[in-house]
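Please read the report below alongside the sequence and the coordinates.

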Amino acid sequence: FTEEKFGQAEKTELDAHFENLLARADSTKNWTEKILRQTEVLLQPNPSARVEEFLYEKLDRKVPSRVTNGELLAQYMADAASELGPTTPYGKTLIKVAEAEKQLGAAERDFIHTASISFLTPLRNFLEGDWKTISKERRLLQNRRLDLDACKARLKKAKAAEAKATTVPDFQETRPRNYILSASASALWNDEVDKAEQELRVAQTEFDRQAEVTRLLLEGISSTHVNHLRCLHEFVKSQTTYYAQCYRHMLDLQKQLGRFPGTFVGTTEPASPPLSSTSPTTTAATMPVVPSVASLAPPGEASLCLEEVAPPASGTRKARVLYDYEAADSSELALLADELITVYSLPGMDPDWLIGERGNKKGKVPVTYLELLS
């Protein structure tokens with residue numbers, strides 16, 4: 001090993017395919033570590049809490065339950081409402097927001113738990129299990145290669161010494177006694193060469209066997225990629241569920257706050273550009289907050305009955321429901337995810353709402369819950 005570092009010894013090179021397998025394995029290990037660490041930061045931004053959880057895991061002890069930031073905020077808001085007056089408009093609003101924040105905290109807790117099991121645990125198992133096995137076999141392969149190179153160097157030196165010993169001296173310049181010494185040295189070097197060749201064959205066999213074992217483990221990295229891909233899909237699914245729950249909780253909260261008398265429900269300017277009825281992709285992706293709707297019809301026609309409203313002769317479209325929606329009152333239509341309904345708009349309607357029909361049922365539906373198809 002030292003002679004190799006100083007460039008004084010020949011090194012047995014591995015084939016190109018084997019080197020590619022080694023490089024891919026190293027890259028997989030390095031990126032898995034980075035993804036694991038950053039995902040832990042995403043799920044638990046507090047470094048002190050991460051260190052505490054790490055120590056509990058190393059001690060094989062259960063990590064104590066931790067209150068999320070949303071749940072802590074909900075507790076503060078509930079306590080503030082209790083002290084400032086739960087019957088005042090501010091107190092009532094604090095209680096409603098506290099309930100929503102508590103729901104957000106519970107959703108976050110479920111997301112962290114699911115992501116830890118379905119995503120972090122498989123990555124950690126690879127680093128602490130499979131990778132340690134691969135590293136151990138690679139070290140053994142390195143030792144076998146060094147043994148093989150040492151045997152090659154020993155055989156090379158023995159052959160060189162044998163060739164020098166078998167050189168016939170000049171009879172005119174060398175006494176007969178030297179012939180006897182030369183023949184004896186030649187026999188010794190012949191034995192040394194035979195011994196070195198035998199050691200080389202054994203070392204080559206051990207090296208080939210260890211190289212095959214290591215190759216099989218390295219080729220198993222492809223299976224690791226497949227497993228990590230499945231885990232990544234599970235992580236995205238859990239994250240999608242978490243954000244969808246948060247969106248629904250906040251949307252319900254805003255609707256509840258909009259029904260409180262004298263409650264500020266937002267500015268008159270929309271939080272995002274109005275959705276175009278001809279762009280289903282934009283409708284499904286942007287998902288702006290739905291403002292409260294005081295009435296379906298324009299001013300002066302608030303008493304218009306939905307059952308008396310006839311769909312326009314042209315302009316009806318099909319829409320797919322993206323999320324479940326619970327009707328706030330009898331003027332709205334409850335929705336189920338993935339169902340198809342017929343929608344249309346009426347003159348003077350709020351652009352964030354449409355009329356939806358399903359069978360003989362009719363009601364207002366929010367545009368943000370729909371994907372317009374045709």
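## Confidence

The term pLDDT stands for the predictor's confidence in each residue, on a scale from 0 to 100, and the coordinates discussed here belong to a predicted model. In the protein, this confidence is lowest in helix H8 (residues 280–286), where the mean is 40, and highest in H2, where it is 94. Over residues 262–304 the pLDDT is below 50, although this stretch has 47 contacts in the model beyond near neighbours in sequence. Where pLDDT is low, the predicted coordinates should not be read in detail.

For the protein as a whole, the average pLDDT is 80, and 74% of the residues score at least 70.

## Overall make-up

The protein has 8 helices and 5 strands, which follow the pattern α-α-α-α-α-α-α-α-β-β-β-β-β when read along the sequence. Of its 374 residues, 33% are buried, and the accessible surface comes to about 23500 Å², with 56% of that belonging to carbon and sulfur atoms. Among contacts with a separation of 6 or more, 70% are between residues 24 or more positions apart.

## Nonpolar cores

Which residues of the largest nonpolar core touch the most other members? Of the 34 residues in this core, they are Phe-111, Phe-119 and Leu-218. Helix H2 (16–43), helix H5 (89–165), helix H6 (176–219) and helix H7 (221–259) each supply at least two residues of the core, and H5 gives the most to it, with 16 residues. Not counting residues up to four places away in sequence, Phe-111 touches Leu-43, Phe-235, Ser-238, Gln-239 and Tyr-242. Apart from this core lies another, of 22 residues, which has among its members Leu-251, Leu-322, Tyr-325 and Leu-333.

Leu-155 also lies in helix H5, and its relative accessible area of 10% falls under the 20% limit, so Leu-155 is buried. Leaving aside neighbours within four places in sequence, Leu-155 is in contact with Val-193, Ala-196, Glu-197 and Leu-200. Leu-155 and Ala-196 are 41 residues apart in sequence, while their C-alpha atoms are 5.1 Å apart in space.

## A nonpolar surface patch

Val-67, Leu-72 and Tyr-76 make a nonpolar surface patch of about 300 Å². Within this group, Leu-72 has its place in helix H4 (residues 69–84) and counts as partly exposed, at 36% relative accessibility.

## Salt bridges

Side chains of opposite charge can pair when their charged atoms come close. With a cut-off of 4 Å between a side-chain nitrogen of Lys or Arg and a carboxyl oxygen of Asp or Glu, the count comes to 14 salt bridges. One of them joins Lys-255 and Glu-332, whose closest N and O atoms are 3.9 Å apart. Lys-255 lies in helix H7 and Glu-332 in the loop between strand S1 (317–321) and strand S2 (340–344), so this pair ties together parts that are 77 residues apart in sequence. Lys-255 is buried, with a relative accessible area of 16%, and Glu-332 likewise counts as buried, at 11%.

Asp-338 and Arg-320 meet through their side chains in a salt bridge of 2.9 Å, N to O, which links Asp-338 in the loop between S1 and S2 with Arg-320 in strand S1, 18 residues apart. Here Asp-338 counts as exposed, at 54% relative accessibility, whereas Arg-320 counts as partly exposed, at 27%. A further salt bridge joins the side chains of Glu-357 and Lys-362 (3.6 Å, N to O), where Lys-362 counts as buried at 15% relative accessibility. Finally, salt bridges that share partners join Arg-144, Glu-206 and Arg-209 into one network.

Terms used
Residues are numbered from 1 along each chain as its sequence is written. Side-chain values use heavy atoms; hydrogens and water are left out. Patches are made of residues with over 30% relative accessible area and no salt bridge: like charges are joined within 9 Å, nonpolar side chains (Val, Leu, Ile, Met, Phe, Trp, Tyr) within 5 Å. Accessible areas come from the Shrake-Rupley method with a 1.4 Å probe; for residues, only the protein chains shown count as cover. Helices (H or I, at least four residues) and strands (E, at least two) are DSSP runs, numbered from the N terminus. Buried means under 20% relative accessible area, exposed over 50%, partly exposed in between (1.4 Å probe, protein chains only). A nonpolar core is a set of buried Ala, Val, Leu, Ile, Met, Phe, Trp, Tyr and Cys residues joined through side-chain atoms within 4.5 Å. Contact means heavy atoms within 4.5 Å.
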